[in-house]
Amino acid sequence: MGTRHAEAGIRAIPTQELRAALLALNGTGVPFSIHETGAEGAELPAQWRYLKPASGSGATRSQVERTLKIWMRLCPRERVVRAMDEQFEVTRAGHPPGRTVARAHGRGPTCGIQREWTMEKGPDGHRHRVETFSFDSRDLKDPLRTTVLDAGWTWRGVYRM
């Protein structure tokens, strides 16, 4: 889960400015989106949805769609952002993938790196490994955590909001 505190000497900015800084991450080339929910924008979920490349062929062909969501609750009195990770996974089969064959949901810390490669013949005639899929949860968490810490607030990973 983890708790990270802002560096000593950084003055905490007001809640509205932190909310605006987090929402400003939208459209800056990050692979996720952030929006406000709850009463008076009390919660800010950041969501990243991605598809793994399909594998198999015919009826056994399957494709996995994953959604990683980080729920952030701003607690202005303590100057703390409570963050909870949530994951959803749907596996679809067929060609094109349409029939849902499995679903999964979980809460708790998400930390993962996934990479997939294929072997392809290069211009020099030799076979080379080519990356076909890449996922790193740090691409979602790091910009959020950095924004919070740079604002002088504390980042606290939690299991339940």
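Met119 is partly exposed, with a relative accessible area of 43%. Partly exposed is the range between buried (under 20% relative accessible area) and exposed (over 50%), with a 1.4 Å probe and protein chains only. The model is predicted, so local features need pLDDT of at least 70 and side-chain atom pairs count only at pLDDT 80 or more, while totals for chains, interfaces and linings use all residues. Residues are numbered from 1 along each chain as its sequence is written, and side-chain values use heavy atoms, with hydrogens and water left out.

Met119 sits in strand β7, residues 113-121. Strands (E, at least two residues) and helices (H or I, at least four) are DSSP runs, numbered from the N terminus. Which residues does Met119 touch, not counting those up to four places away in sequence? They are Arg127, His128 and Arg129. Contact here means heavy atoms within 4.5 Å. Met119 and Val130 are 11 residues apart in sequence, and their C-alpha atoms are 6.1 Å apart in space.

Asp124 is found in the loop between β7 and β8. Its relative accessibility is 47%, so Asp124 counts as partly exposed. Now look across the model. Asp124 and Ala24 are 100 residues apart in sequence, and 45 Å separates their C-alpha atoms.

Another loop, between β3 and β4, holds Pro53. Pro53 is partly exposed too, with a relative accessible area of 31%. Which residues does Pro53 contact, leaving aside its neighbours within four places in sequence? Ser62, Gln63, Glu116, Thr132 and Phe133 are in contact with Pro53.

The loop between β4 and β5 contains Arg79. What sets its backbone apart is a positive phi of about 60°, although Arg79 is not a glycine. Most residues other than glycine have a negative phi. At 29% relative accessibility, Arg79 counts as partly exposed.

The largest nonpolar core has 24 residues. Such a core is a set of buried Ala, Val, Leu, Ile, Met, Phe, Trp, Tyr and Cys residues joined through side-chain atoms within 4.5 Å. Leu18, Leu22, Met72, Val81, Leu140, Leu144 and Trp155 have the most contacts inside this core. The elements that give two or more residues to the core are helices α1 (15-23) and α2 (138-150), with strands β3 (43-51), β4 (62-75), β5 (80-93) and β8 (127-136).

Take Leu144. Residues up to four places away in sequence aside, Leu144 touches Leu22, Leu25, Phe32, Ile34, Ala46, Ile70, Met72 and Trp155. Lys141 is found in helix α2. Is Lys141 buried or exposed? At 12% relative accessibility, Lys141 counts as buried. Lys141 touches Ile70, Asp85 and Thr110, again not counting residues up to four places away in sequence.

Aromatic rings come next. The structure holds 3 aromatic pairs. Rings of Phe, Tyr and Trp (its six-membered ring) pair if their centres lie within 6.5 Å; planes under 30 degrees apart count as stacked, over 60 as edge-to-face and the rest as tilted. Trp48 and Tyr50 form a tilted pair, 5.9 Å centre to centre with 55° between the planes. The rings of Trp48 and Phe135 have centres 4.9 Å apart and planes at 45°, so this pair is tilted. It links distant parts of the chain, with Trp48 in strand β3 and Phe135 in strand β8, 87 residues apart. Trp48 is buried at a relative accessible area of 9%, and Phe135 is buried at 6%. Tyr50 is buried as well. Trp48, Tyr50 and Phe135 form one aromatic cluster.

Of its 15 lining residues, the closest to the centre are Tyr50, Arg66, Gln87, Glu89 and Thr110. On a 1 Å grid over the protein atoms alone, a pocket is an open set of points where a 1.4 Å probe fits, with protein on both sides within 12 Å along at least five of seven lines; lining residues have an atom within 4 Å of a point.
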